[in-house]
Amino acid sequence: QVQLVETGGGLVQAGGSLRLSCSASGRTINDYAMGWFRQAPGKERETVASISTSGLSKNYAESVKGRFTIARDSAKNSVYLQMNSLTPEDTAVYYCGVDRKYLAQKYDYWGQGTRVTVSS
C-alpha cells in the first residue's frame, strides 16, 4: 500500500509559478511510473505529466508542454511538478498517482490532491 501526499498548491497570478510536491510513504515508489493529473470542475481528468521508473522518460500533455516539468527524487521517495507561466486554464486540483505502467494513465494510488488557482 502506498500513501501519497500532494503539497504546494495555492493561489497565484497568471504568469506565475508553483512547485508541487508528492511525498510517498508505506513503500517505495521508485519501482513505479508516476504521473500528475488534474481535475477541474466540469472537465475531464487530464494527465499533465508522466515520468518513467528511471526518470529518463517524461511525457507532457500538449496543454502544458514547455511550461511544466516533472521530476522524481528516489532518495526522497518523491515526485515533483514545476509549473511555470501559469494561466487561469491551469486552475484545478492536482493529484500525483502511481501508474500501472509508463503512460498507461491508470492510477492505482493517488493522494488527496492540492488545489491550484490561477487568477487573471
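Which handedness does the link of C22 and C96 have about the S-S bond? With 50 degrees about that bond, the link of C22 and C96 is right-handed.

## Basis of the model

This is a predicted model, in which local features need pLDDT of at least 70 and side-chain atom pairs count only at pLDDT 80 or more, while totals for chains, interfaces and linings use all residues. Residues are numbered from 1 along each chain as its sequence is written, and side-chain values use heavy atoms, with hydrogens and water left out.

## The disulfide

The count comes to one disulfide, where the term stands for a pair of cysteine sulfur atoms within 2.5 Å. C22 and C96 form this link, with their sulfur atoms 1.9 Å apart. The pair connects distant parts of the chain, since C22 belongs to strand β3 and C96 to strand β9, 74 residues apart; strands here are DSSP runs of E with at least two residues, numbered from the N terminus. Both C22 and C96 are buried, a word used for a relative accessible area under 20%, with exposed meaning over 50% and partly exposed the range in between (1.4 Å probe, protein chains only).

## The open sheet

Four strands form an open sheet in the order β1-β3-β8-β7, and the pairing is antiparallel; two strands are taken to pair if DSSP finds at least two bridges between them. At the edges stand β1 (3-7) and β7 (68-73), each with a single partner strand, so one side of each is left without a neighbour in the sheet. Neighbouring strands of this sheet are turned by 15 degrees against each other on average, direction ignored, the axes being lines fitted to C-alpha atoms and angles in general running from 0 to 180 degrees between N-to-C directions.

Within the sheet, strand β3 (residues 18-25) and strand β8 (residues 78-83) pair in the antiparallel sense over six bridges. One of the residues involved is L20, whose bridge partner in β8 is L81.

## Aromatic pairs and charges over rings

A pair of aromatic rings is described by the distance of the centres and the angle of the planes. A search of the whole structure finds two aromatic pairs, counting rings of Phe, Tyr and Trp (its six-membered ring) whose centres lie within 6.5 Å, with planes under 30 degrees apart called stacked, over 60 edge-to-face and the rest tilted. The rings of F37 and Y95 have centres 5.3 Å apart and planes at 15 degrees, so this pair is stacked. Because F37 lies in strand β4 (residues 33-39) and Y95 in strand β9 (residues 92-99), the pair ties together parts that are 58 residues apart in sequence.

The rings of F37 and Y107 are also stacked, because their centres are 4.7 Å apart and their planes stand at 25 degrees. This pair links F37 in strand β4 with Y107 in strand β10 (residues 107-110), 70 residues apart. Both F37 and Y107 are buried, F37 with a relative accessible area of 4%, and ring pairs link F37, Y95 and Y107 into a cluster.

R45 lies over the face of F37, at 4.8 Å from the ring centre; a charge is said to sit over a ring if NZ of Lys or CZ of Arg is within 6 Å of the ring centre and within 35 degrees of the ring normal. Elsewhere, the charged end of R19 sits over the ring of Y80, 4.2 Å from its centre.

## The nonpolar core

The largest nonpolar core has 29 residues, and those with the most contacts inside it are L4, W36, L81, M83 and Y94. Such a core is a set of buried Ala, Val, Leu, Ile, Met, Phe, Trp, Tyr and Cys residues joined through side-chain atoms within 4.5 Å. The elements that give two or more residues to this core are β3, β4, β5 (46-51), β7, β8, β9 and β11 (114-119).

## Positive phi in two loops

Most residues other than glycine have a negative phi, and most peptide bonds are trans. N77, in the loop between β7 and β8, has a positive phi near 50 degrees and is not a glycine; at 14% relative accessibility, N77 counts as buried. Q105, placed in the loop between β9 and β10, has a positive phi of about 60 degrees although Q105 is not a glycine, and at 37% relative accessibility Q105 counts as partly exposed.
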